[in-house]
Amino acid sequence: MRVVVPQTEDDFRTYFELRYEILRRPWGQPFSSVKDDLEDTAMHAMILDEKGIVAGVCRMQFNNKDEAQLRFMAIRADLQGKGHGKLLLTYFEELASRHNKKRIVLQAREAAVGFYRRNGYMLKEQTQLLWGVIQHYRMEKVLLRDE
Ligand SMILES: CC(C)(COP(=O)(O)OP(=O)(O)OC[C@H]1O[C@@H](n2cnc3c(N)ncnc32)[C@H](O)[C@@H]1OP(=O)(O)O)[C@@H](O)C(=O)NCCC(=O)NCCS
């Protein structure tokens with residue numbers, strides 16, 4: 001498996017389809033809910049398996065000079081728990097470090113808090129209850145410490 005940046009229309013189609021399949025469809029949300037207004041400026045990455053099939057997707061945006069934010073992390077249901085999520089996290093953490101970001105923040109779904117904790121993210125506060133059912137928590141990982 002390898003991390004690639006989606007480039008073509010076809011890449012982005014499969015990229016958003018997986019995001020929809022994992023993060024929107026199970027809650028009956030329409031396909032129009034799959035994107036927000038930062039897609040054009042954000043950085044996207046996906047994992048391809050040996051056959052070139054998309055196994056996972058994630059996105060990072062820069063909130064300000066010091067802070068990056070991860071959104072829409074989704075691993076194909078039958079491939080969860082095999083290290084794909086960790087690989088995407090590492091990819092974006094290295095990218096954020098290369099851009100001199102000091103921290104990465106994210107809104108973790110309750111079921112994913114353990115995954116982020118395992119990967120060095122600290123739970124900061126309870127935040128929104130998405131669609132009235134999915135509790136989220138703000139989490140943060142410090143990449144570089146101030147001198
Ligand atoms: C949450 C998710 C991104 C994790 O990705 P993954 O590929 O399944 O996780 P990995 O196999 O890379 O796990 C990496 C490590 O975290 C641990 N881990 C994974 N999920 C965990 C969980 N829910 N609780 C505790 N630890 C977890 C793994 O055991 C592994 O530990 P190790 O390094 O000791 O082996 C993925 O399961 C997923 O897409 N879930 C559904 C959608 C979702 O919730 N996305 C996040 C939205 S905020």
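Reader: Which strands does α2 lie across, and at what angle to β3 does α2 run?

Author: In this predicted model, α2 lies across β1, β2, β3, β4 and β5 and runs at about 30° to β3. Helices (H or I, at least four residues) and strands (E, at least two) are DSSP runs numbered from the N terminus, while axes are lines fitted to C-alpha atoms, for helices over the stretch in contact, with angles from 0 to 180 degrees between N-to-C directions. Residues are numbered from 1 along each chain as its sequence is written. Local features need pLDDT of at least 70, side-chain atom pairs count only at pLDDT 80 or more, and totals for chains, interfaces and linings use all residues.

Reader: What's the strand order in the sheet?

Author: The sheet is open, with seven strands in the order β1-β2-β3-β4-β5-β7-β6 and mixed pairing, where two strands pair if DSSP finds at least two bridges between them. The edge strands, β1 (2-4) and β6 (122-130), each pair on one side only, and the twist averages 25° from one strand to the next.

Reader: And in which sense do β5 and β7 pair?

Author: Their pairing is antiparallel, over seven bridges, and R103 has V142 in β7 as its bridge partner.

Reader: Switching topic, what does L70 touch?

Author: Leaving aside residues up to four places away in sequence, L70 touches C58, M60, F92, I104 and L106, contact being C-beta atoms, placed from the backbone, within 7 Å.

Note on methods:
Contact = placed C-beta atoms within 7 Å.
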